[in-house]
Amino acid sequence: MSQDDQLSLLPEKVVKNVQIVDKIKTFAACTTGVLSGVIGLTGLNGFMAFFILSVLVVGYLQYVIIGASKSKDYFAPDYSLFSFGNIIGAFVTYVVVWTIAYDTV
């Protein structure tokens, strides 16, 4: 990315795009929490399901929403869509939703 391309990125829009990706990760944590709770996964199986399903769901949603190769148009050059940012918040969301789904089934 050239210097002109970097200057054309608006910081407010980049921050908004990063927030949208965080919301996608939270949605994925909720989805995988419900799925794991309904299936009845516990212990290490549930922990592994969180990571595997989150990567699949987040990857798919980011591919559909952002597009295959358009991430450089919407994010700063050093931002990775598959970063581990907000992983603790997503995991806490997963555990809470899993607990609710596991207890109701």
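**Helices and aromatic pairs in a predicted model**

Of the contacts in the protein chain with a separation of 6 or more, 81% join residues 24 or more positions apart; contact means heavy atoms within 4.5 Å. This is a predicted model, where local features need pLDDT of at least 70, side-chain atom pairs count only at pLDDT 80 or more, and totals for chains, interfaces and linings use all residues. Residues are numbered from 1 along each chain as its sequence is written, and side-chain values use heavy atoms, with hydrogens and water left out.

Me: What makes up the secondary structure of the protein chain?
Reply: Five helices and zero strands. Helices (H or I, at least four residues) and strands (E, at least two) are DSSP runs, numbered from the N terminus. The order is α-α-α-α-α.

Me: How do you know that the span of helix H2 agrees with its number of residues?
Reply: The expected span is 1.5 Å times one less than the number of residues. H2 (residues 11-39) has 29 residues, so it should span 42 Å; its end C-alpha atoms are 42 Å apart, which agrees. Just after H2, Gly40 has a positive phi of about 95°.

Me: Why is the pair of Phe47 and Phe91 called edge-to-face?
Reply: Rings of Phe, Tyr and Trp (its six-membered ring) pair if their centres lie within 6.5 Å; planes under 30 degrees apart count as stacked, over 60 as edge-to-face and the rest as tilted. The centres of Phe47 and Phe91 are 5.5 Å apart and the planes stand at 80°, so the pair is edge-to-face.

Me: What makes this pair a tie between separate parts?
Reply: Phe47 lies in helix H3 (residues 43-66) and Phe91 in helix H5 (residues 87-104), so the pair ties together parts 44 residues apart in sequence.

Me: Why is Phe91 called partly exposed?
Reply: Buried means under 20% relative accessible area, exposed over 50%, partly exposed in between (1.4 Å probe, protein chains only). Phe91 has 28% relative accessibility, so it counts as partly exposed. Phe47, at 35%, is partly exposed too.

Me: What kind of aromatic pair do Phe50 and Phe91 form?
Reply: Edge-to-face, at 5.2 Å centre to centre and 70° between the planes. Phe50 is in helix H3 and Phe91 in helix H5, 41 residues apart.

Me: Why does Phe50 count as buried?
Reply: Its relative accessibility is 1%, so Phe50 counts as buried. In the protein chain, buried residues make up 27% of the 105 residues.

Me: Which residues form one aromatic cluster?
Reply: Phe47, Phe50, Phe51, Phe91 and Tyr94. The whole structure holds seven aromatic pairs.
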